[in-house]
Amino acid sequence: VSRYSGFLANSPQYLEDVLLSFLDRRGMEHKNAQVRSRSCYLFLRLLRALSNTALRKRVGAMSPKLLEALQTKIVPFFKRGLYTGAMAQTSLQINDVQFLTEALGLLCSSSYAGKSGNQAAFSLCCKTLHSNLLLLASMTSECRRDPQLAGDRISDIVNMMGSLTKFVTRDAKHFKEPLAECLKAIQKVLLILPAHKRVRSTTIFFLHRMVTCLRSTVTPYLKHTLLTLIKHTRGDSLRAVSELVNQIVVQSRQESISLVSFIFTEYMELYRKVLQTFSFIDEKTANSAYASHIQDRDEIFQCYYGFLMHILAKDEVFYTAISNIERNKVAFQHTLRTLLEGCSQRNMRFVKFCLETVGGLTSWGSKLIRNGNSQSAMNSNQLKCLRNLLSEGVTQATVNAVTNRHMMPDDAKAASGILAIVEIHKTLKDTFGVDFLKFLQQQMVRAMPSSQQMISEYLSRVNSNHESFGLRNILRDIIRSHLAHSKE
């Protein structure tokens, strides 16, 4: 199809007939189901190809006729309701209809409808979708009778909503109101069927699209929706929820502070429960851990440590907001503890993640401690807890990382982690001075008594602000010596 766009550019007189051929008995109304399905897919591909050519204005002029025809094709799909059997049969399948809703969104976008897009047509499409969605959700007795069927039909429409938005990302500011109405409808439906797997997965897909399109505008309205998703999430879908939360934090950092504070305790408890189900992997007597188990756990760890990096490594705003809420305090302390423990686990990729996060936390935390709380929203109690965390918890975590038997000094990821440890030590020395160096020496010598002379040399150079790569080499030698002594 992409090749034919070149032919149409040279023979524009055939454009209308080619496009309309997809919509009649030669295409989507063909008696053969495979032809109908293929026509939907190729129609979308042709529209995408033409959107980058000089013919897009001609297609734009035809868009009212095309939009009306496409909506006519989609309407029978809504008439299925919650029927089954012959009454639920439609000429097009759900994948075909999704291609058509993508085509609707593309025709309403600035590619074909000018700078501000076809707002009236897009609003009509959204209204058709969310009104039919709410109509299905209002059939409460039928939904209770067959929640699986109801959830599947609802999910189909939510998927269509997500497909409709694919090509309007750059035009989203012109479509805020209809998109907001769709979001409200989906939020209502999620409350009716919060445990339905497909409803939850399609809701997450749509929320990804909303965050991409509307960014910070939509973030404040996702608190209760995210909390509902978290409360009904199981291990097999935690990654999907995590990726959504991480996307929100990355794309709308400032606006997501209150959202993360609102969901934090339940979110961290969910991680704790799910990760606990993988505890058998680390048991010495267990050899039942398949590669798939380890891979599943690693994917969850990646999302978990990624989230902690987003909220803790850059500045104090999340730390302050989360720890300032009473019900978050226990979960927050547990989270900080798991972060520090992560610096000495067996997977070097995650050790590097944790050490870099701790390094970021140490950097901004040390500045706050040196400057006092005059330039921060932290209260005196929070600043005191931060001081203890850095002077004791972080220091001990770096020693545990150095003595970790999986810390191979010649490994690339381990080398990055060792460099992060050096930077942490230099920052803490600048903040706490000689007292820190004495405490660090005490902990390192206790853990590695055979390397006492090398430790003294390392700390002496830290005290004199020796350059970081040179310090890393000394610390690597200390680790090599410790590993060799441990084997003996």
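Biologist: Is the crossing of helix 10 and helix 11 left-handed or right-handed?

Modeller: The crossing of helix 10 and helix 11 is left-handed. Please bear in mind throughout that this is a predicted model.

Biologist: Which residues in helix 10 and helix 11 meet?

Modeller: From helix 10 come Lys176, Leu179, Cys182, Leu183, Ile186, Val189 and Leu190. Their partners in helix 11 are Val199, Arg200, Thr203, Phe206, Leu207, Met210 and Leu214. By class, the residues of this contact divide into eleven nonpolar, one polar and two charged.

Biologist: At what angle do the axes of helix 3 and helix 4 cross?

Modeller: The axes of helix 3 (residues 33–50) and helix 4 (residues 56–78) cross at roughly 155° and come within 11 Å. That angle makes helix 3 roughly antiparallel to helix 4, because angles over 145 degrees count as roughly antiparallel. The crossing of helix 3 and helix 4 is left-handed.

Biologist: Which residues form the contact of helix 3 with helix 4?

Modeller: Phe43, Leu47 and Leu50 in helix 3 meet Arg56, Val59, Leu66 and Leu70 in helix 4. Of the residues in this contact, six are nonpolar, none is polar and one is charged.

Biologist: Let us turn to helix 21 and helix 22. What is the handedness of their crossing?

Modeller: Helix 21 passes helix 22 in a right-handed crossing. The axes of helix 21 (residues 434–447) and helix 22 (residues 452–463) come within 10 Å and cross at roughly 155°. Helix 21 and helix 22 are therefore roughly antiparallel to each other.

Biologist: Which residues in helix 21 and helix 22 meet?

Modeller: In helix 21 they are Leu437, Leu440, Gln441, Met444 and Val445, and in helix 22 they are Gln452, Ile455, Ser456, Tyr458, Leu459, Val462 and Asn463. This contact has eight nonpolar, four polar and no charged residues.

Biologist: How does one look for empty space in a structure?

Modeller: Rolling a probe the size of a water molecule over the atoms shows where empty space is left. Here, a search of the whole structure finds four cavities of 30 Å³ or more.

Biologist: What is the volume of the largest cavity, and which residues line it?

Modeller: The largest cavity has a volume of about 80 Å³. Its lining consists of Gln71, Ile74, Phe78, Thr101, Leu104, Cys125, Thr128 and Leu129. Helix 4, helix 5 (94–108) and helix 7 (119–137) are the elements that give two or more residues to this lining. By class, the lining of the largest cavity has five nonpolar, three polar and no charged residues.

Biologist: Which residues line the second largest cavity?

Modeller: Phe77, Phe78, Arg80, Gly81, Leu136, Arg153 and Ile157 line the second largest cavity, which has a volume of about 50 Å³. Helix 4 and helix 9 (147–164) each supply at least two residues of this lining. The lining of the second largest cavity comprises four nonpolar, one polar and two charged residues.

Biologist: A last topic is the second largest pocket. Which helix gives the largest share of its lining?

Modeller: Helix 10 (residues 176–192) gives the largest share, five residues. The lining of the second largest pocket is made up of Lys176, Ala180, Leu183, Lys184, Gln187, Leu214, Thr217, Val218 and Tyr221. Five of these lining residues are nonpolar, two are polar and two are charged. The volume of the second largest pocket is about 200 Å³.

Methods: Residues are numbered from 1 along each chain as its sequence is written. This is a predicted model: local features need pLDDT of at least 70, side-chain atom pairs count only at pLDDT 80 or more; totals for chains, interfaces and linings use all residues. Side-chain values use heavy atoms; hydrogens and water are left out. On a 1 Å grid over the protein atoms alone, a cavity is a set of points where a 1.4 Å probe fits but cannot get out, and a pocket is an open set with protein on both sides within 12 Å along at least five of seven lines; lining residues have an atom within 4 Å of a point. Grid points are joined across faces, edges and corners, and a volume is the space filled by probe spheres set on the points. Helices (H or I, at least four residues) and strands (E, at least two) are DSSP runs, numbered from the N terminus. Ala, Val, Leu, Ile, Met, Phe, Trp, Tyr, Cys and Pro count as nonpolar, Asp, Glu, Lys and Arg as charged, and the others, Gly among them, as polar. Axes are lines fitted to C-alpha atoms, for helices over the stretch in contact, and angles run from 0 to 180 degrees between N-to-C directions. Angles under 35 degrees count as roughly parallel, over 145 as roughly antiparallel, 65 to 115 as roughly perpendicular and the rest as oblique. A crossing is left-handed if the near helix is turned anticlockwise from the far one by less than a right angle, and right-handed if clockwise. Contact means heavy atoms within 4.5 Å.
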